[in-house]
Amino acid sequence: MSLNKNSVLGYATLIMIFFGLILLGLGIFRYKDIAGWGFAATGIGFLAIAWVFDSLKGRV
(Lines give C-alpha, C1' and ligand atoms only; values in the text may rest on other atoms or scores of the structure.)
Protein backbone atom coordinates (compact mmCIF):
# COMPACT_ATOMS: atom_id res chain seq x y z
CA MET A 1 0.00 0.00 0.00
CA SER A 2 1.60 3.24 -1.09
CA LEU A 3 0.76 6.44 0.68
CA ASN A 4 0.85 9.68 -1.21
CA LYS A 5 1.22 13.09 0.41
CA ASN A 6 -2.50 13.73 0.68
CA SER A 7 -3.28 10.46 2.44
CA VAL A 8 -0.41 11.02 4.89
CA LEU A 9 -1.82 14.46 5.69
CA GLY A 10 -5.26 12.91 6.09
CA TYR A 11 -4.02 10.33 8.58
CA ALA A 12 -2.00 12.97 10.43
CA THR A 13 -5.12 15.14 10.64
CA LEU A 14 -7.17 12.31 12.13
CA ILE A 15 -4.47 11.47 14.68
CA MET A 16 -4.08 15.12 15.68
CA ILE A 17 -7.86 15.54 16.10
CA PHE A 18 -8.02 12.37 18.21
CA PHE A 19 -5.21 13.42 20.55
CA GLY A 20 -6.43 17.02 20.65
CA LEU A 21 -9.85 15.91 21.86
CA ILE A 22 -8.27 13.58 24.42
CA LEU A 23 -6.10 16.38 25.79
CA LEU A 24 -9.04 18.77 25.84
CA GLY A 25 -11.12 16.20 27.70
CA LEU A 26 -8.33 15.65 30.22
CA GLY A 27 -8.07 19.38 30.80
CA ILE A 28 -11.81 19.80 31.30
CA PHE A 29 -12.86 16.67 33.15
CA ARG A 30 -9.80 15.13 34.82
CA TYR A 31 -7.61 17.95 36.12
CA LYS A 32 -9.44 20.67 38.02
CA ASP A 33 -6.32 22.56 39.11
CA ILE A 34 -3.96 24.71 37.06
CA ALA A 35 -2.65 21.66 35.15
CA GLY A 36 -6.02 21.46 33.41
CA TRP A 37 -5.35 24.79 31.73
CA GLY A 38 -2.15 23.40 30.22
CA PHE A 39 -3.84 20.24 28.97
CA ALA A 40 -6.69 22.26 27.46
CA ALA A 41 -4.33 24.74 25.79
CA THR A 42 -2.27 21.90 24.33
CA GLY A 43 -5.45 20.22 23.06
CA ILE A 44 -6.51 23.45 21.35
CA GLY A 45 -3.06 23.67 19.78
CA PHE A 46 -3.36 20.12 18.46
CA LEU A 47 -6.73 20.96 16.91
CA ALA A 48 -5.28 24.10 15.31
CA ILE A 49 -2.42 22.12 13.76
CA ALA A 50 -4.93 19.52 12.53
CA TRP A 51 -6.88 22.34 10.89
CA VAL A 52 -3.71 23.46 9.09
CA PHE A 53 -2.97 19.89 7.97
CA ASP A 54 -6.51 19.58 6.64
CA SER A 55 -6.21 22.82 4.70
CA LEU A 56 -2.91 21.66 3.16
CA LYS A 57 -4.46 18.54 1.64
CA GLY A 58 -4.49 18.89 -2.12
CA ARG A 59 -2.04 21.79 -2.15
CA VAL A 60 1.23 19.95 -1.65
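Visitor: Among the contacts with a separation of 6 or more, what share comes from residues 24 or more positions apart?
Guide: This is a predicted model, and its contacts are counted where heavy atoms lie within 4.5 Å. Of those contacts in the protein that have a separation of 6 or more, the part made by residues 24 or more positions apart is 56%.

Visitor: How many helices and how many strands are there in the protein, and is it compact or spread out?
Guide: The protein has two helices and zero strands. Its radius of gyration is 14 Å, whereas the globule rule gives 10 Å for 60 residues, and because the former is well over the latter, the protein is described as more spread out than a compact globule. Along the principal axes, the C-alpha atoms fill a box of roughly 45 × 20 × 10 Å. The answer is therefore two helices, zero strands, and a protein more spread out than a compact globule.

Visitor: What percentage of the 60 residues counts as buried?
Guide: The protein exposes about 4,500 Å², and 73% of that area is supplied by carbon and sulfur atoms. A residue counts as buried when its relative accessible area is under 20%, and of the 60 residues the share that does so is 18%.

Visitor: Is Trp-37 buried or exposed?
Guide: Trp-37 belongs to helix H2, which covers residues 35-56, and its C-alpha atom is separated by 6.1 Å from that of Gly-27, 10 residues away along the chain. The cut-off for exposed is over 50% relative accessible area; because Trp-37 has 65% relative accessibility, Trp-37 counts as exposed.

Visitor: Which aromatic pair is stacked?
Guide: The count comes to two aromatic pairs. In one of them, the rings of Phe-18 and Phe-19 have centres 5.5 Å apart and planes at 70°, so that pair is edge-to-face. Planes under 30 degrees apart count as stacked, and with 5° between the planes and 4.9 Å centre to centre, the stacked pair is Tyr-31 and Phe-39.

Visitor: Which residue lies over the face of Tyr-31?
Guide: Tyr-31 counts as partly exposed because its relative accessibility is 30%. At 5.3 Å from the ring centre of Tyr-31, the residue lying over the face is Arg-30.

Visitor: Which side chains meet in a salt bridge?
Guide: The structure holds one salt bridge, with an N to O distance of 3.4 Å.

Definitions and conventions: Residues are numbered from 1 along each chain as its sequence is written. This is a predicted model: local features need pLDDT of at least 70, side-chain atom pairs count only at pLDDT 80 or more; totals for chains, interfaces and linings use all residues. Side-chain values use heavy atoms; hydrogens and water are left out. Helices (H or I, at least four residues) and strands (E, at least two) are DSSP runs, numbered from the N terminus. Buried means under 20% relative accessible area, exposed over 50%, partly exposed in between (1.4 Å probe, protein chains only). Rings of Phe, Tyr and Trp (its six-membered ring) pair if their centres lie within 6.5 Å; planes under 30 degrees apart count as stacked, over 60 as edge-to-face and the rest as tilted. A charge sits over a ring if NZ of Lys or CZ of Arg is within 6 Å of the ring centre and within 35 degrees of the ring normal. A salt bridge is a side-chain nitrogen of Lys or Arg within 4 Å of a carboxyl oxygen of Asp or Glu. The radius of gyration is taken over C-alpha atoms; the globule rule is 2.2 Å times the number of residues to the power 0.38. Accessible areas come from the Shrake-Rupley method with a 1.4 Å probe; for residues, only the protein chains shown count as cover.
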